[in-house]
Amino acid sequence: MKGEHTLNHDQKYPLSKLNLTIENLAQAVFIVNRHAKTATNPKFLYKLKQESLKKLIQEGKAKKVGLHFSENPRNSQQQSDVLVECGSYTFHIPPIKSDFHELPHLGKLDGRVRNPKATLSLSFAKALLQTYTGITEIENPVSISKKNQRPYQKPIFKKLGERYS
């Protein structure tokens, strides 16, 4: 239906196309990324960041600048991340094979470069990026450890000398 705006369960105001500016999207990616670093289950937040940046790059609203040595390489190996510029923000994403041939290597990350402050709430940032990418979070996924557990059974106590069958 034209002209209608949808509300997520945690929103007070509708998300319209007007909210999807490069600066708002970049700010939303920044908020989601910052919360993902300390989240107990960061998978969805990182996926939202990754897919949002991928779409921004495809649409020409963000660009890959170059490669940086990773701050936290896996297995003590040297690793590089792609530096992406979007609005007045910069982010790192994992490289694809072609990035090593097409992008300049910028060496070590300059720790003095910081992103500007962002004022969006996490719920609004998630809703904005979910609207932009079309990705939705699966509500309350059953954890693997709970799935494999047997239901609790009360212990059965026998009198001294009786056998358990």
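How many aromatic pairs does the structure hold? This predicted model holds two, and the tour begins with them.

**Stop 1: the aromatic pairs**

Select Phe30 and Tyr89 and display their side chains. The two residues form a tilted aromatic pair, with 5.4 Å from centre to centre and 40° between the planes. Phe30 belongs to helix H1 (residues 22-36) and Tyr89 to strand S3 (residues 89-93), so this pair ties together parts that lie 59 residues apart in sequence. Phe30 has a relative accessibility of 16% and counts as buried, because the limit for that class is under 20%. Tyr89 is also buried, with a relative accessible area of 1%.

Tyr89 and Phe91 are both buried. With the three side chains shown together, the ring pairs can be followed as a cluster of Phe30, Tyr89 and Phe91.

**Stop 2: helix H1 against helix H2**

Keep H1 in view and select helix H2 (residues 43-58). The axes of H1 and H2 come within 9 Å and cross at roughly 155°. The two helices are therefore roughly antiparallel to each other, and their crossing is left-handed.

**Stop 3: Tyr46**

Within H2, centre the view on Tyr46. Is Tyr46 buried or partly exposed? Its relative accessibility is 34%, so Tyr46 counts as partly exposed. Leaving aside residues up to four places away in sequence, Tyr46 touches Asn33, Ala36 and Lys37. A distance may also be drawn from Tyr46 to Val32: their C-alpha atoms are separated by 7.7 Å, and the two residues are 14 apart along the chain.

**Stop 4: helix H1 against helix H4**

H1 and H4 pack at an angle of about 120°, with their axes 9 Å apart. That angle makes H1 oblique to H4. The crossing of H1 and H4 is left-handed. For the contacting residues, select Asn24, Leu25, Ala28, Val29, Ile31, Val32 and His35 in H1; they meet Leu122, Ala125, Lys126, Leu128, Leu129 and Tyr132 in H4.

**Stop 5: Lys55 and Tyr132**

Select Tyr132 and Lys55 next. Where does Lys55 lie relative to Tyr132? Lys55 is placed over the face of the Tyr132 ring, at 4.5 Å from the ring centre.

**Stop 6: Ile135**

Ile135 is buried, with a relative accessible area of 15%. Which residues does Ile135 touch, not counting residues up to four places away in sequence? They are Phe44, Lys47, Leu48, Glu51 and Gln130. To end, draw the distance from Ile135 to Lys47: these residues are 88 apart along the chain, and their C-alpha atoms are separated by 8.9 Å.

Note on methods. Residues numbered from 1 in each chain as written. Predicted model: local features only at pLDDT ≥ 70, side-chain atom pairs only at ≥ 80, totals over all residues. Heavy atoms only, no water. Buried < 20%, exposed > 50% of the residue type's maximum accessible area, 1.4 Å probe, protein only. Contact = heavy atoms within 4.5 Å. Phe/Tyr/Trp six-rings, centres within 6.5 Å; stacked < 30°, edge-to-face > 60°. Helix = DSSP H or I, 4+ residues; strand = E, 2+ residues; numbered from the N terminus. Lys NZ or Arg CZ within 6 Å of the ring centre and 35° of its normal. Axes fitted to C-alpha atoms, helices over the stretch in contact; angles between N-to-C directions. Parallel < 35°, antiparallel > 145°, perpendicular 65-115°, else oblique. Left-handed = near helix turned anticlockwise from the far one by under 90°.
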